[in-house]
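Have a look at it first, and then read the points in any order you like.

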Amino acid sequence: TETWYTLNNVPDGNDPSRATDPIRLLDRGDLRSFRAPHGTWTLCEEVAPDGLDPRRLAFEEGMGILVNGENGRTSDILTTLEHGDLEAHIEFMVPKGSNSGVYFMGRYEIQILDSWGVKEPGHSDCGGLYQRWTPSRGAGKQGHDGVPPRTNASKEPGEWQTFDITFRAPRFDKSGRKTENARFVKVVHNSVTIHENVEALGPTRAAKFSNEKPYGPLMLQGDHGPVAFRNIVLRPVQLD
């Protein structure tokens with residue numbers, strides 16, 4: 001009664017951003033929505049902070065929830081889908097003190113962090129557009145262009161949180177020259193709007209790719225600390 005498919009490429013110059021069907025990444029019971037290798041990313045059905053160590057996650061294998069392994073540190077994971085303009089719904093959980101991120105097109109990070117109780121959030125707090133990193137700028141100046149969330153909408157560690165994000169991909173002319181920067185049209189964290197029309201001037205720190213292109217995979221950061229994801233729903237759109 002249903003059919004699953006993985007979009008690896010688009011022949012004959014067709015534009016994948018014209019697709020409108022939402023794609024639910026974790027409904028298959030396996031990791032086919034993500035490029036191999038998968039590191040220690042594991043599908044599970046229950047997850048919660050470890051009762052013996054609040055900085056770790058405890059889980060039972062199953063399906064529906066994605067966790068970055070028992071040690072809470074593994075390689076980043078990228079979708080097989082390469083997106084342009086995108087609407088994304090992502091639910092995540094971090095334990096106390098943990099750190100992760102979601103990289104649109106594998107390049108532009110919206111930060112995930114245990115930022116519970118932070119009164120004046122910065123770009124490195126949860127929901128921030130993470131800074132770019134240019135070593136040639138010199139000592140103390142390498143980090144630049146990060147954008148903090150308007151407000152801290154974080155829940156306590158160990159609670160499920162949500163991002164609802166509308167992302168507009170960078171634009172290029174026929175010669176491949178970038179004509180418009182990528183842009184986070186809207187970022188909603190736990191039902192609170194924290195960004196509107198924020199430009200990403202280039203790939204942020206720890207991006208998978210240093211260049212910019214019309215399409216790229218969504219990347220979930222797995223090497224900074226324990227994190228769990230569920231209900232990842234992606235809908236390619238075409239924005240003006």
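The points below go from the whole chain to single residues.

1. A word on the source. This is a predicted model, in which local features need pLDDT of at least 70 and side-chain atom pairs count only at pLDDT 80 or more, while totals for chains, interfaces and linings use all residues. Residues are numbered from 1 along each chain as its sequence is written, and side-chain values use heavy atoms, with hydrogens and water left out.

2. Overall make-up. The chain has 16 strands and zero helices; both are DSSP runs numbered from the N terminus, with at least two residues (E) for a strand and at least four (H or I) for a helix. Its radius of gyration is 17 Å, close to the 18 Å from the globule rule for 240 residues, so the chain is as compact as a globular protein of that length. That radius is taken over C-alpha atoms, and the rule is 2.2 Å times the number of residues to the power 0.38.

3. Contacts along the chain. Among contacts (heavy atoms within 4.5 Å) with a separation of 6 or more, 65% are between residues 24 or more positions apart.

4. Inside the fold. Of the 240 residues, 47% count as buried, meaning under 20% relative accessible area with a 1.4 Å probe and protein chains only; exposed is over 50%, and partly exposed is in between. The largest nonpolar core has 41 residues, and Leu66, Phe104, Phe184, Leu220 and Phe229 have the most contacts inside it. Such a core is a set of buried Ala, Val, Leu, Ile, Met, Phe, Trp, Tyr and Cys residues joined through side-chain atoms within 4.5 Å. Apart from it lies another core of eight residues, including Trp160 and Ala228.

5. A closer look at Phe104. Leaving aside neighbours within four places in sequence, Phe104 is in contact with residues including His83, Ile165, Phe184 and Pro217.

6. Backbone details worth a visit. Most residues other than glycine have a negative phi, and most peptide bonds are trans. Which residues are joined by a cis peptide bond? Alanine 36 and proline 37 are, with omega about 0°, and proline 37 lies in the loop between strand 1 (23-24) and strand 2 (42-49). Methionine 105 has a positive phi of about 60°; this residue is in the loop between strand 6 (99-104) and strand 7 (108-113) and is buried at 0% relative accessibility. Asparagine 197 also has a positive phi, about 50°, but sits in strand 14 (residues 192-200) and is partly exposed at 48%.
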